[in-house]
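Biologist: I would like to learn how to read some features of a structure. Please give the general idea each time, then the case at hand.

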Amino acid sequence: MSGALPSIRTRRLTLEPLRPATVAAMLEVERAIEQGRAQPRSDGVLQARLSRWASMAGAARSGGTWVVVSSGRLVGRVALDRGDGGSGWLSYALTPTARGQGLATEAAEAAIAWAFSANDACDIRAVVRPANTASIAVLRRLGMTLHPDSDAANGVFVLRAPHAA
C-alpha cells in the first residue's frame, strides 16, 4: 500500500482520493454520517479530521482515504491505513441514505483489491463493535473472519492476502 492513491471505478461507484478541495463537500457527508450517534462529533472535529486525511492524499504513504461517489453524489468514505507487520486497517462509513444497498461492500472490496494488488499487504483488518451487525455483515461478505484475540468490546476481523495464504 504505497504511493499516491489512485481513483478507482467499480460497477456503481467511483472512489476518489480525499483532497483538500473536497473537504468542504465531505463535511456535509460527515455530518450525515454522524446522525444517530450517541455522541456526534462537532464540526470542528470533523473538519480537522478531514483536513488531516486530505493533506496526506498526494503523499507517498501507506494507504489513505477515498471519497465514495455514487450517481454523481458524495455518499461516504473508505480508508486503508498501514499497521504493524504488513496489515492494512480498513474503515468505511456511508450516509444513512446510502446504506443497505451494498455500497459499503463494493467500496471496501475495491479498496482491498487495490491494497492486495501491490502485493505488500499481508492481510486487511477491521475493528467493529459487536452491536454493529450491519458492519459485521459487510465484513463477512468481504470474506473476513473474526480474529480469535478479539474482545467483547471490539471484534477484529481479518482477511488474508491471496499471495500470503
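Predicted model: local features only at pLDDT ≥ 70, side-chain atom pairs only at ≥ 80, totals over all residues.

Biologist: How is S7 classed by accessible area, and what is its value?

Modeller: Buried means under 20% relative accessible area, exposed means over 50%, and partly exposed is in between. S7 has a relative accessible area of 44%, so S7 is partly exposed. The C-alpha atom of S7 is 6.4 Å from that of P17, ten residues apart along the chain.

Biologist: Where does R19 lie, and how is R19 classed by accessible area?

Modeller: R19 belongs to the loop between strand 2 (13-17) and helix 1 (23-34). With a relative accessible area of 38%, R19 is partly exposed. Between the C-alpha atoms of R19 and A48, 29 residues apart along the chain, the separation is 13 Å.

Biologist: How should I read the length of a helix?

Biologist: Which residues of helix 2 are buried?

Modeller: The general idea is that an α-helix has 3.6 residues a turn, so residues three or four places apart point the same way. In helix 2 the buried residues are L46, R49, L50, W53 and A54. Their arc around the axis is only 130°, which puts them on the same side of helix 2.

Biologist: And which residues of helix 4 are buried?

Modeller: In helix 4 (133-141), the buried residues are S135, I136, V138 and L139. These cover an arc of only 155° around the axis, so they are on the same side of helix 4. The exposed residues T133, A134 and R141 are on the face of helix 4 turned away from its buried side.

Biologist: How many aromatic pairs does a search of the whole structure find?

Modeller: Ring planes over 60 degrees apart count as edge-to-face. The search of the whole structure finds one pair. That pair is W66 with W114, edge-to-face, at 5.3 Å centre to centre and 85° between the planes. W66 lies in strand 3 (residues 63-70) and W114 in helix 3, so the pair ties together parts that are 48 residues apart in sequence. Both W66 and W114 are buried.

Biologist: What volume does the largest pocket have, and which element gives the most to its lining?

Modeller: The volume of the largest pocket is about 1,200 Å³. The lining has 34 residues, and the closest to the pocket centre are R37, Y92, A93, N132 and S135. Strand 5 gives the most to the lining, with six residues. Elements that each supply at least two lining residues include strand 4 (73-82), helix 3 (103-117) and strand 6 (123-128). By class, the lining has 16 nonpolar, ten polar and eight charged residues.

Notes. Residues numbered from 1 in each chain as written. Heavy atoms only, no water. 1 Å grid on protein atoms, 1.4 Å probe; cavity = no way out; pocket = protein on both sides within 12 Å on 5 of 7 lines; lining within 4 Å. Points joined across faces, edges and corners; volume = space filled by probe spheres on them. Helix = DSSP H or I, 4+ residues; strand = E, 2+ residues; numbered from the N terminus. Nonpolar A, V, L, I, M, F, W, Y, C, P; charged D, E, K, R; others polar. Phe/Tyr/Trp six-rings, centres within 6.5 Å; stacked < 30°, edge-to-face > 60°. Buried < 20%, exposed > 50% of the residue type's maximum accessible area, 1.4 Å probe, protein only. Arc of directions from axis to C-beta.
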